[in-house]
Amino acid sequence: MLTIVDIALFLNYRLTVTVIVGTIMVTITSKGGNTMTTYGYVRVSTVEQNEARQLATMKELGVERKNVFVDKASGKDTNRPQYQELRSTIQSGDLIYMDDLDRLGRSYDDVIDEWKYITRKVGADIVITSNAELFDSRRFKSMGDIGKLLEDQFLSMLAYVAEQERKKNKRRQREGIEIAKAKGKFKGRKTKLVEGGEEEVRRNAIIKDYQDGVSIADIRKTYKVGTGTIYRLLEREGIKR
């Protein structure tokens, strides 16, 4: 017959036994001494994009809504308010779900650094729901040193491929614009952003987003303005780029 000690050892849990005036009190905690909490991280690039799909995934996985951190910001760096809040909240033994590796960041270095910070320095775990068979840090940890080696290789390869794909898409976009200009078919966006009314509200929103660290690419998509218009606006307002 299995005893509570057998069960605790099988689950790799720590058993604490306290005797108080003849009464035995048994406490079972995780090996690290912390109760594991499951979190979710959701990121969309602009306020216009809908995070509903990612939130639905977190719900299906059983993550409580209060433990889901949502950013509506570019992934150009890790300076995102909800991500930083999550970063300061997690503890050893916790688990974080996110739907794609690029939720950690857009650059190769950011992805690698953040994954290692969370899984190795903090001691929490990450599962990438779109590719859980490959990117579940718990599986790598269970393999010991060889697991670390495999994790580094897979992570580096995927982060590198994703970064190169983004660069390729940007290059194609630039080439397409140049071809359209040469044929006289590229006219850009006509935007005045003058003072007064809705234009002034939009102009002020663009300035605020830029000062808050939103990328030029995301500003263009959100407000339907060209890069040149944004730069002229910043120059007119005396804002350094």
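A salt bridge here is a side-chain nitrogen of Lys or Arg within 4 Å of a carboxyl oxygen of Asp or Glu. In this predicted model, R103 and D102 meet that rule, with their side chains 3.9 Å apart from N to O. Since the cut-off is 4 Å, this pair counts because 3.9 Å falls within it.

**Salt bridges**

Go through the whole chain with this rule and you get 12 salt bridges. Here are three of them, listed with their N to O distances.

| Pair | N to O distance |
|---|---|
| R103 and D102 | 3.9 Å |
| R138 and D136 | 2.8 Å |
| K208 and D212 | 2.8 Å |

In the second pair, R138 is partly exposed at 38% relative accessibility, and D136 is buried, with a relative accessible area of 7%. As for the pair formed by K208 and D212, K208 is partly exposed, with a relative accessible area of 49%. Shared partners also matter for the bookkeeping: salt bridges link R53, D99, D102 and R103 into one network.

**The chain as a whole**

Zooming out, the protein chain has nine helices and six strands. Of its 241 residues, 33% count as buried. The chain exposes about 15300 Å², and carbon and sulfur atoms supply 52% of that area. Looking at contacts with a separation of 6 or more, 57% come from residues 24 or more positions apart.

**Strand β3 and its partners**

Strand β3 covers residues 38-44, and six of its seven residues are buried. Which strands does β3 pair with? One is β4 (residues 68-72), which runs parallel to β3 and is joined to it by five bridges. Here R43 stands opposite D71 in β4. Another is β5 (residues 95-98), also parallel to β3, with three bridges between them. On that side, G40 stands opposite Y97 in β5.

**The nonpolar cores**

The largest nonpolar core has 21 residues, and the ones with the most contacts inside it are I90, I96, L104, W115 and I118. Elements giving two or more residues to this core are β3, α3 (81-89), β5, α4 (108-122), β6 (125-128) and α6. Which of the elements gives the most to this core? That's α4, with five residues.

Leaving aside its neighbours within four places in sequence, I96 is in contact with Y39, Y41, L86, I90, I118, D125, I126 and V127. Apart from this core lies another, made of 10 residues, including I207, I216, I219 and I239.

L149 lies in helix α6, which spans residues 145-182. Is L149 buried or partly exposed? With 46% relative accessibility, L149 counts as partly exposed. The cut-offs explain the label: buried means under 20% and exposed means over 50%, so 46% lands in between.

Note on methods
Residues are numbered from 1 along each chain as its sequence is written. This is a predicted model: local features need pLDDT of at least 70, side-chain atom pairs count only at pLDDT 80 or more; totals for chains, interfaces and linings use all residues. Side-chain values use heavy atoms; hydrogens and water are left out. Helices (H or I, at least four residues) and strands (E, at least two) are DSSP runs, numbered from the N terminus. Buried means under 20% relative accessible area, exposed over 50%, partly exposed in between (1.4 Å probe, protein chains only). Two strands pair if DSSP finds at least two bridges between them. A nonpolar core is a set of buried Ala, Val, Leu, Ile, Met, Phe, Trp, Tyr and Cys residues joined through side-chain atoms within 4.5 Å. Contact means heavy atoms within 4.5 Å. Accessible areas come from the Shrake-Rupley method with a 1.4 Å probe; for residues, only the protein chains shown count as cover.
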